[in-house]
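Hello,

I am handing over the structure below. Please look at it first and then read the notes under it.

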Amino acid sequence: MFIDLPLDELRAYRPPRPEPAGFDAFWQRTLDEARSHDLDARFTETDAGLTLLRTYDVEFSGFGGHRIRGWFLVPRTAAGPLPCVVEYIGYGGGRLKPHDWLLWPSAGYATLVMDTRGQSGPDRPGDTPDPVAATHPGVPGKMTQGLLDPDDYYYRRLFTDGVRAVEAARGHAAVDASRIVVAGGSQGGATALAVAGLVPGLAGALLDVPFLSHIRRALDITDADPYGELVRYFAGERTRVDTALETLDHFDGLNFAARASAPALFGVALRDAVVPPSTVFAAHHHYAGEKELRVWRFNGHEGGGGEQRVAELRFLRELFG
């Protein structure tokens with residue numbers, strides 16, 4: 001069933017942004033610290049059994065100089081530098097195998113898939129540990145790790161990794177550095193939105209049911225995980241709520257959206273209990289660049305699925321010709 005505002009109200013929903021003092025300085029300092037480490041991007045060609053593609057095992061230095069894994073795929077017969085899609089992964093999963101990422105290279109684009117530090121699962125294995133110990137683990141999951149200080153919060157590391165992934169892609173000879181698109185769904189969409197607000201000169205952004213926008217409202221209207229991790233934490237840590245919310249404001253997609261300039265395609269589902277639709281509409285309305293929004297009325301967190309991918313392919317074709 002619908003869990004949020006009616007569609008006509010959603011189309012006009014533009015709440016205030018919870019921007020903390022020093023937001024830009026916080027992120028500039030964060031990225032400066034990351035860039036003090038040599039990116040040292042390495043692309044090692046590997047035989048993944050994909051005859052039409054060149055496949056590379058990727059490593060680069062992310063937050064703290066920690067080594068981040070990934071895959072890089074490029075059409076074998078491509079001539080000249082190509083547009084590149086940098087793809088980020090949803091909550092709880094890792095980089096899988098190269099054959100799980102065939103959409104964008106099949107459409108003729110180079111593709112860099114960034115593994116997600118400290119996340120993996122039996123059906124979505126990853127290869128990148130998070131060497132930072134949680135200063136306040138709270139409840140199981142990533143949402144409360146380091147929650148009481150923006151400097152310690154898990155998503156500071158992940159979003160910084162996302163920026164460095166773009167820098168790694170831009171340095172590869174097969175990539176046209178002026179034609180980079182960031183993409184992802186759910187947590188991957190949150191990372192793509194953060195990167196869109198932090199990295200100038202991107203060509204586009206594909207933001208499907210992006211998580212971690214308008215976080216304060218999400219906590220009021222859904223108990224579904226991953227937001228449920230925060231709800232359970234707050235239930236037992238009643239005196240820490242305000243401190244934690246101030247931390248979360250540093251990672252709210254509304255603030256990144258207001259700084260993003262690349263053309264963007266959003267996707268939202270009106271029966272999504274994981275990423276409530278009003279949070280996506282809010283991010284869309286605050287997004288400073290050109291934008292489109294595909295609305296899926298009868299879908300949950302899966303969003304538009306294959307139909308959203310069709311829209312994304314058309315978006316990229318119009319973007320790159």
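Predicted model: local features only at pLDDT ≥ 70, side-chain atom pairs only at ≥ 80, totals over all residues.

Residues are numbered from 1 along each chain as its sequence is written, and side-chain values use heavy atoms, with hydrogens and water left out.

The sheet

Helices (H or I, at least four residues) and strands (E, at least two) are DSSP runs, numbered from the N terminus. An open sheet is formed by 9 strands in the order E1-E2-E3-E5-E4-E6-E7-E8-E9, with mixed pairing. Two strands pair if DSSP finds at least two bridges between them. Strand E1 (42-46) and strand E9 (291-296) stand at the edges with a single partner strand each, so one side of each has no neighbour in the sheet. On average, neighbouring strands are turned by 20 degrees against each other, direction ignored. Axes are lines fitted to C-alpha atoms, for helices over the stretch in contact, and angles run from 0 to 180 degrees between N-to-C directions.

Strand E7 (residues 204-208) and strand E8 (residues 264-269) run parallel and are joined by 4 bridges. Leu-207 stands opposite Phe-266 in E8. Helix H5 (residues 187-198) packs on the sheet and touches strand E4 (82-88), strand E6 (175-185) and E7; contact means heavy atoms within 4.5 Å. The direction of H5 makes about 140 degrees with that of E6.

Helix packing

Helix H2 (residues 23-35) packs against helix H4 (residues 154-170) at an angle of about 60 degrees, and their axes are 10 Å apart. That makes H2 oblique to H4; angles under 35 degrees count as roughly parallel, over 145 as roughly antiparallel, 65 to 115 as roughly perpendicular and the rest as oblique. The residues in contact include Phe-26, Trp-27 and Leu-31 of H2 and Tyr-155, Phe-159 and Val-163 of H4.

In helix H7 (residues 227-236), the buried residues are Tyr-227, Gly-228, Glu-229, Leu-230, Tyr-233 and Phe-234. Buried means under 20% relative accessible area, exposed over 50% and partly exposed in between (1.4 Å probe, protein chains only). These buried residues of H7 pack against helix H6 (215-221) and helix H8 (241-249). Gly-236 also lies in H7, but Gly-236 is exposed, with a relative accessible area of 53%. Its C-alpha atom is separated by 51 Å from that of Ala-173, 63 residues apart along the chain.

Single residues

His-172 is in the loop between H4 and E6 and counts as buried at 16% relative accessibility. Apart from its neighbours within four places in sequence, His-172 is in contact with Phe-43 and Phe-72.

Most residues other than glycine have a negative phi, and most peptide bonds are trans. Leu-96, in the loop between E4 and helix H3 (103-106), has a positive phi near 60 degrees and is buried at 19% relative accessibility. Ser-186, in the loop between E6 and H5, also has a positive phi near 60 degrees, and its relative accessibility of 12% makes Ser-186 buried. A cis peptide bond, with omega about 5 degrees, joins Asp-225 and Pro-226. Pro-226 lies in the loop between H6 and H7.

Regards
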